[in-house]
Amino acid sequence: MKLGIVELVLLLLAQRGFGGDQSEVGLTTPAEVEFDVTKGSTEVDVVESPTKDSVSERLFVEDDVKSEEAADDDVANAVPETAVGKSSEENQLRIVLGSGDEGAEAVEGERERQGAEEVEETTATLEPKEIRFFDRNNKNFPNTEYLEVKPLHGNNLLVSFNFEANGTTELYPQADEVLYYDVIPKSLGAVLKSTNTRELHLRFGHGWYDSEVNGKLVHNGFSSGGTGVELWATIEADTKEKAFEEWIRLANSLSGMFCASFNFIDSSVTTYPEKLFGGDIDLESQVDLIGKLYHFRSALPREPICTENLTPFLKLLPTKGKQGISTLLSGNKMFNAEWTSMSIDVVTDCEGGDAKHCKQTMEQSINMILNVPKILEKNQMPIPKPTPGTELRCDESRIFDLYHCFPLPLSKEYHYSLIDLFGKAIEGGSLVASEPTKVCLDVNLANWELEMLSLSPITEFFDGSNICFELDTSAEYNFRFNTNNASDVNPVEPPPFYASRSLSGYSQDAGGFRLDLYNPNDESQKIIIFETLPWFVRLYMHSMTISVGDEYGNTKIMSVHDKDLPDYVKQIIYNPAVDRVAPTHLELLIEAPPKSKLKFSFKFDKAMLLYAEYPPDANHGFELEPTIFALADKDNNNEIKYIMRTTTSLLTLPTPDFSMPYNVIILTLTVLALAFGSFFNLIVKKTVKEEDAEILQRERPLEKIKKNIRGLFGR
Amino acid sequence: MEGQNRHTYISENALMPSQAHPFFRESEWNFVRGYRNEIISMMHMPLAAKNQVFNDLLTEMGYKTEILNYTDPETGIEKPTLYAIYHVPKGDDTEAMVLTAPWYNPEGKFNVNALALSLGLAKYFRRLSIWAKNIIIIFPDNSDDVLRNWVDAYHTSLDNTGGSIEAAIVLDCPSSKDYLGHIEIEYAGVNGQLPNLDLVNTAIMVAENEAVKVSVNGCPFGQLWTNDYYSRLCSLVNGIFEIAGAGISESLNAQCFSGWNIQAITIRAIDGDRNDITNLGRIIESTFRSVNNLLEKFHQSFFFYLLLDPKIFVSVGMYLPAGGLAAAAFVVASVNAWVGGNDASADVISRIQHSLLIKSIPLVAACLTAIASIGVCVFFALYTSGIFDQSMEFDPFDLTYKWFVLPLFISSLTPVVSYFLLKVKISADYTRALSLIVLFFMGYALVGLMVLNFPLSFVIAICASPLCFVRYASKPSLKRRLINSVFLFISCPALWLIVFGIIHKTEFDLDRLRNIVQYFEFSLLQKEVQNLLDYLEDVDPQVFLDGPVELFIGLLKGYNRVQCWTWIFVCFSWLPVWISMNLIGSIYVYDEISDKEVEKKNQ
């Protein structure tokens, strides 16, 4: 029985993890809890059934003490209000709490639309309708996690954390229906439900990705973001206006949740993408939807990504960063990486055609590129003090003595472990996952040696060039990499194309940018370019020129009027900006000939902002969000094979300045203009008496003509 | 002098110069020496091979390198420029700082220490994790057209870029010793676009913290400690000429970055033994770290200044009145011309009583003349600016003397010549209107220029001021015409071209003059005169002819090289006004009053 309880605590943990809402726990009084225990007959079944299962017993016998402690710790961490001792009674209580909580949550979720406060009051008194536990035996925990490590050239290391959760959802729940937040935490799930968001994609990016060294982006770029944050969603609504309202609500809710400035999203930064970001799943063809689907996308390139964005990310995980691979993720190590990207994707898939049983998937991933020598050096010497003379690595074939040292290239011999890289080891595999935590290391065993350091036995297997491990206990796992030739790594797949963007501005009022694209392949590729520019960048599409350079160095320059243009630009989707209302949205479908270098250049004017539109805080200019390049399938333009983002660009706008030199310019020129005016008057006009003026006026030729005309009409 | 200048201060608090301890020291010095040995050993390799060695070293360090090809249009020699970008992990890849180490400095010396230091710093910069702005290191063949070409290409056509450049430092340190005396900071920018004073201040403050003496405006080592009126005046005059002449001389250095909104300075190490080479490295490190701290742009009002001393500057409010007064001379002269003061034969009082009005036809004719002369001169400027880009062969010597100096000198004699030959009369209103218009135009143009490029405006205003005194008359005397000729001659652009050309070429040292004036002693004067005589004896007289030619060619090329519009401005204001005043000074006018009197008598 005790084991069962321990397990249930763990299960509970899982649910709490998914539930994510802890505030209600404290509201439940013990009396009600008891009531729940006695009444809920179904719970007993659930409590007992896992204990009968020998497999799960064995699993927990191995590390009962540890897991119990871990569980208690976790509960204590996750649910501070209920964190009490370890007695079985209280554990029992907690079980009940969990189920009660679950039911309450379900009800609450359903009532979310009517208002959250009201629900909170009623939570405690509601009787749970159903208790759901995940059966460890049947492995129906909804989530999995997976870590991938791959050494790259230049002593870089790719580390990719992947978390996935699968569940079912109902597109149109009835008012009295129970809702579950077992897959998607309620904090996020309720927002998605209330805004009818069918798909949600979030990207956080930081740093510069060197595709020449690091090759293709991991997962073909589908889980990588550009600098700053990016959000796109598919929202179901009756009209576009309603959908937009929901979009703004969604952005505002996410803003608080992820500590990012999503609340600055308004129509002037929102685009309605066509080729890209149109949703991963075509729900409209799967089921009969009540409303229509609308796609929205927005990016905030100014947003710095930091720990405050990581914490909410971890909170969405069932393990909350306390167990499994997510224990490695700490802000100070993660943001020391050369390049970091976080992504969250929630997708609804109604493949069966039944709107009541749709599959809902939440994928979270963190990818990063670490520079190993840098990290090791920083561990050893946090302040970059000069290397002591005795530790200098000098080329002895050149002049080499106490004063001279020609540095040798970096050593190729490295020994490091996860602790060196992340400051700690993996604190056990996730025990609340449907399958054991998987860690795959893509190393070349010819020159690399792997050590697995753990108290617990581990399953290992080969998966292609990967060596994978399954972490199925809560013991600590550390991996150690030893190599005598760090440059000998498994082949890195080069990206299908290289692209970048540069600004070519030279004045305060106008500028331009150019997109460079290189297709290194032997066959032509169809590439979609997605560009969004803020409204104050007044793009001139007619200024677009394309230069195509082939491998022999011949360059062909074309303007928009060129009749050869359609050979390269297959399709243009262009929504011009509206001042303060909508951004420029440009999508180009182009065909890059084999081994060609394409250069697109555009010109724009910079608009003057209103005084209050300049950011109030310190700023160094206005960022343009990354351009997105995507490789489309040859035959099906809508199928995207690879996607990458350039870096942001910094644009200087004409800034009003009321400082002295400009005052001087304005003042002196005004004085001179006045002087000129009076000079001019004195030169060309003469002063006459009033009576003379009348006579003179009468003598003016015009007056004479007028007089004659009047005479003609007899007046 | 007190109260007219201020001590420099850091306006942008975020810069925090020399607040952090720079670690470019100790064993880093060994690396610099190691690199230096390597650089010396490859001194005679072709540029492409040298670039390749550097390319490999920088790639190994983790920089992204690329080579920009450049062919010298005059000689046809290929001068590829290597540059390396460190895309810093913590930045957003939108801004960059540039360190430039040309292979050869402006004097043509192999820039050994600058190159070694740049490599050492490149290696060291990778160790620091503080960077928020990208670092770009450039190795052009020289710091003139090759570097300028790179800067242009960076903003127009380069594939690999690292964001907008915030600050740039050009290093000039050709010695191969371990030690250096002091550093010289050059801050002039083309068209009066100085780097932000905060950057200059930062570099100076950092250097002083490293106990390295800094000299600005070419102040000699011996004057670094003085702080009196004469030394500051000397420094000020040097500074004014340095800025006014920016973009014209062959060596551009940091001026290559002008016009792209980049704050750039040149740091030149002067031989000596007061400091070691890592001091210079730490100055660059610390300056970069300060710029790296910037959250905003550099402060806007800190672009207009004149440095008297590394720590003393005159701000725009203090020096503008001087330029304003100089330019106002033309406005006053213009008013004087209007009331008829330029008419040497007429009594001003009677003129004013008579009428201030100018008849329409002479006024329109005067306007057209002024516009035509300006138009012709500007066309001339634009044509001559592009003269070296066309594949026509020009002898610079002929161009200068045959086509510019000589015609102007001869035409400044027109007042005298016309006294004897040409006796055409024209309405006095016409000359009055013309002198009024052109002088006012000159004043206006100079004031307009003053706020942008004070030194140039000031120098032109002083040089052209005799134009205010050119007179016309109905019955001029030969003496008046001679005076006109003299005024026209001493305000002639060609004369000043020769004067400045020779001063520049012979490297005239104002400091010596200061020394004589300040500490006047007969023996000192005697010594300097002796020096001068010795110099004149030794020097090849060709130098005096070459100086103006070089200056003229620099002026003509300026626009196409670095978009320096000094020549265009001269042709827009000075030259047409000079031509118009020449016309005024050479012409006879009807004596209206006396003519009327004659008419009356006839009646």
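Author: Begin with a term: pLDDT is the predictor's confidence in each residue, from 0 to 100. This is a predicted model, in which local features need pLDDT of at least 70 and side-chain atom pairs count only at pLDDT 80 or more, while totals for chains, interfaces and linings use all residues. Residues are numbered from 1 along each chain as its sequence is written, and chains are lettered from A and ligands numbered from 1 in the order in which they are written.

Reader: What average pLDDT does chain B have?
Author: In chain B, 94% of the residues score at least 70. Confidence in chain B is lowest in helix α21 (residues 592-602), with a mean of 56, and highest in strand β5 (residues 134-139), at 96. Helices here are DSSP runs (H or I, at least four residues), as are strands (E, at least two), numbered from the N terminus. The chain B average is 88.

Reader: Which element of chain A has the lowest mean pLDDT?
Author: Chain A averages 78, and 79% of its residues score at least 70. Strand β18 (residues 525-533) of chain A has the highest mean among the elements, 94. The lowest, with a mean of 33, belongs to helix α6 (residues 88-111) of chain A.

Reader: Over which residues of chain A does pLDDT stay under 50?
Author: The model has 190 contacts beyond four places in sequence for this stretch. A contact means that the C-beta atoms of two residues, placed from the backbone, lie within 7 Å. Where pLDDT is low, the predicted coordinates should not be read in detail. The stretch is residues 1-135 of chain A.

Reader: How many of the residues in chain A are buried, as a percentage?
Author: A residue is buried if 20 or more other C-beta atoms lie within 10 Å of its own, exposed if 12 or fewer, and partly exposed in between, with C-beta atoms placed from the backbone. Chain A has 715 residues, and its secondary structure comes to 19 helices and 27 strands. The buried share is 42%.

Reader: Which element gives the most to the side of chain A that touches chain B?
Author: The predictor gives the complex a pTM of 0.82 and an ipTM of 0.82. In the contact, 53 residues of chain A meet 49 residues of chain B. At least two residues each come from α14 (372-380), β16 (498-503), β27 (649-651) and α17 (660-684) of chain A. With eight residues, the most comes from α17(A).

Reader: How many nonpolar, polar and charged residues are on that side of chain A?
Author: Ala, Val, Leu, Ile, Met, Phe, Trp, Tyr, Cys and Pro count as nonpolar, Asp, Glu, Lys and Arg as charged, and the others, Gly among them, as polar. By that division, the side of chain A that touches chain B has 25 nonpolar, 18 polar and 10 charged residues.

Reader: How far apart are the end C-alpha atoms of residues 434-452 of chain B?
Author: The UniProt annotation "transmembrane region", from an unreviewed entry, covers several spans of chain B, including 434-452 and 486-504. UniProt positions are in the numbering used here, feature names are shortened, and annotations may be inferred rather than shown by experiment. Residues 486-504 are 89% helix and 0% strand, with end C-alpha atoms 25 Å apart. Residues 434-452 are 100% helix and 0% strand, and their end C-alpha atoms lie apart by 27 Å.

Reader: At what angle do α6 and α14 of chain B cross?
Author: Axes are lines fitted to C-alpha atoms, for helices over the stretch in contact, and angles run from 0 to 180 degrees between N-to-C directions. The axes of α6 (residues 229-244) and α14 (residues 454-464) of chain B come within 8 Å. The contact has seven nonpolar, no polar and no charged residues, among them B:Ile240 and B:Phe458. The crossing angle is roughly 100°.

Reader: Is B:Ser18 buried or exposed?
Author: B:Ser18 sits in the loop between β1 and α1 of chain B. Its phi is positive, near 45°, though it is not a glycine. With 20 other C-beta atoms within 10 Å, B:Ser18 is buried.
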